[in-house]
Amino acid sequence: MFCARLLKSFEVDKFKAVMCQTRFGFALSITARPYTNSANEKWADENPTKLTEKEQELVLERLNGCMETPLRIKISLKNLKTIHEFIEENNSFTDIAQLYQLQGFKNEVVDDICKKIVKSSKEKTKMSTNFLTPEIPSDRKEMIKTMVGIDVGASCVSWTKLDCPRNRIENWHMVPLPAAQETKNILSLHDYVTNFSQNIPPGDMYIMESNNWSILSPQMSLRNHVRDAQISAILITILNFNREANLASFGYHNVFFMRSLLASRLFCKLIGNERVSSQQLVQKMFDGEFPEFCTPFEISSILRDFYFSIGKPLREDMCQSLLLTLACRELLLNNKSIKVKPAKS
């Protein structure tokens, strides 16, 4: 069986030498360190990648975190291993130029890796903003301090107002849906929506879930389906055109639609295309246990007490407006890129 005793280990310039004693005699092992591209030392005082300063910072950030968070770009295992070895030995990359010294990293290889990292980052940014309809202008996004999520659920219309800078739920309430026979015509339904809409607090934006009203859900009667579509249409009109303060400030739509079922997917409350109860999740958040991607929030005991004072079907609908608002906050304002996982059955 081969065995060796380490006698001496030393480093010279870019090489590492190890002297070992074996039963066959002495052996000297000389290995190149992972950054030995002496042919690429011309990069000094230059920027061969032609990246902007911001793009360079982005590349360095992605590379330095690649051992915890995969790069999600096409890169050979050999090159990835070399990057990992450099980080393990030097803690981090501090300059783009160091990439050109890595063993086996030709100029075109480094350029390709940098371009892919920058491109993938832009694609993630695009994905995090196109989940709303209509798309929200970037200048308006910077002005958003409060958002109100509204859900037309199975039992009630609920809403949640979030103060984003303070991470505090300012308003969380609901109004039960009328029975279909109680709204005999569109005028009575309009009066119903107009009355409860006065209780919906003002916000810099309103979020509702996108719904394909042309498709009838098998769990809902045609009469209720039409009623919910009418309620949504009336509510959109009121919020878009009767909130003069907001229109004067922004001059855009006030109501935005989040992609259908996205909030439930983000919070892992979806099996196939069917939602599962979110009440246990909300209870955990009340107890201080938040999902990893969700920024903790504060909520008053008054709002919590009201939530627990109503029946479970109403509570479930209130959960939906809460999750809708939280999901929008994370994706839009906190620029989270969240991997959606299926709910456990």
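The legends below accompany close-up views of a predicted model.

Residues are numbered from 1 along each chain as its sequence is written, and side-chain values rest on heavy atoms, with hydrogens and water left out. Because the model is predicted, local features need pLDDT of at least 70 and side-chain atom pairs count only at pLDDT 80 or more, whereas totals for chains, interfaces and linings use all residues.

**View 1. Overview of the chain and its secondary structure.** The chain comes to eleven helices and twelve strands, where helices (H or I, at least four residues) and strands (E, at least two) are DSSP runs numbered from the N terminus. Of its 345 residues, 43% are buried; buried means under 20% relative accessible area, exposed over 50%, and partly exposed in between, with a 1.4 Å probe and protein chains only. Among contacts between residues at least 6 apart in sequence, 64% join residues at least 24 apart, a contact being heavy atoms within 4.5 Å.

View 2. Seven strands in the order 4-9-8-5-6-7-12 make up an open sheet with mixed pairing; two strands pair if DSSP finds at least two bridges between them. At the edges stand strand 4 (132-133) and strand 12 (298-299), each of which pairs on one side only. Helix 6 (residues 222-241) lies across strand 5 (146-152), strand 6, strand 8 (205-209) and strand 9 (255-258), and runs at about 160° to strand 5; axes are lines fitted to C-alpha atoms, for helices over the stretch in contact, and angles run from 0 to 180 degrees between N-to-C directions.

View 3. Strand 6 (residues 156-163) and strand 7 (residues 168-176) pair in the antiparallel sense over eight bridges. They form a hairpin with four residues between them, and asparagine 167 in the turn has a positive phi of about 50°. Within this pairing, leucine 162 stands opposite isoleucine 169 of strand 7, while threonine 160 has tryptophan 172 in strand 7 as its bridge partner. Strand 7 is also joined to strand 12 by two bridges, and these two strands run parallel. Here isoleucine 169 stands opposite isoleucine 299 of strand 12.

**View 4. The packing of helix 10 and helix 11.** Two packed helices are described by the angle between their axes and the distance between the axes. For helix 10 (residues 301-309) and helix 11 (residues 312-333), the axes come within 8 Å and cross at roughly 135°. The two helices are therefore oblique to each other, given that angles under 35 degrees count as roughly parallel, over 145 as roughly antiparallel, 65 to 115 as roughly perpendicular and the rest as oblique. In this contact, Phe306, Tyr307 and Phe308 of helix 10 meet Arg315, Met318 and Cys319 of helix 11. The contact residues divide into five nonpolar, no polar and one charged; Ala, Val, Leu, Ile, Met, Phe, Trp, Tyr, Cys and Pro count as nonpolar, Asp, Glu, Lys and Arg as charged, and the others, Gly among them, as polar.

**View 5. Aromatic pairs around phenylalanine 286.** The structure holds ten aromatic pairs; rings of Phe, Tyr and Trp (its six-membered ring) pair if their centres lie within 6.5 Å, with planes under 30 degrees apart counted as stacked, over 60 as edge-to-face and the rest as tilted. One of these pairs joins phenylalanine 286 and tyrosine 307 edge-to-face, at 5.8 Å centre to centre and 85° between the planes. Phenylalanine 286 lies in helix 9 (residues 279-286) and tyrosine 307 in helix 10, so the pair ties together parts that are 21 residues apart in sequence. Phenylalanine 286 also forms an edge-to-face pair with phenylalanine 308, at 5.9 Å centre to centre and 70° between the planes. Since phenylalanine 308 lies in helix 10, this pair ties together parts that are 22 residues apart in sequence. Phenylalanine 286 is buried, with a relative accessible area of 9%, and tyrosine 307 is buried too, whereas phenylalanine 308 is partly exposed at 35%. Ring pairs link Trp172, Phe286, Tyr307 and Phe308 into a cluster.

**View 6. Alanine 229 on helix 6.** Alanine 229 is found in helix 6 and, at 22% relative accessibility, counts as partly exposed. Its C-alpha atom is 9.1 Å from that of valine 152, a residue 77 positions away in sequence.
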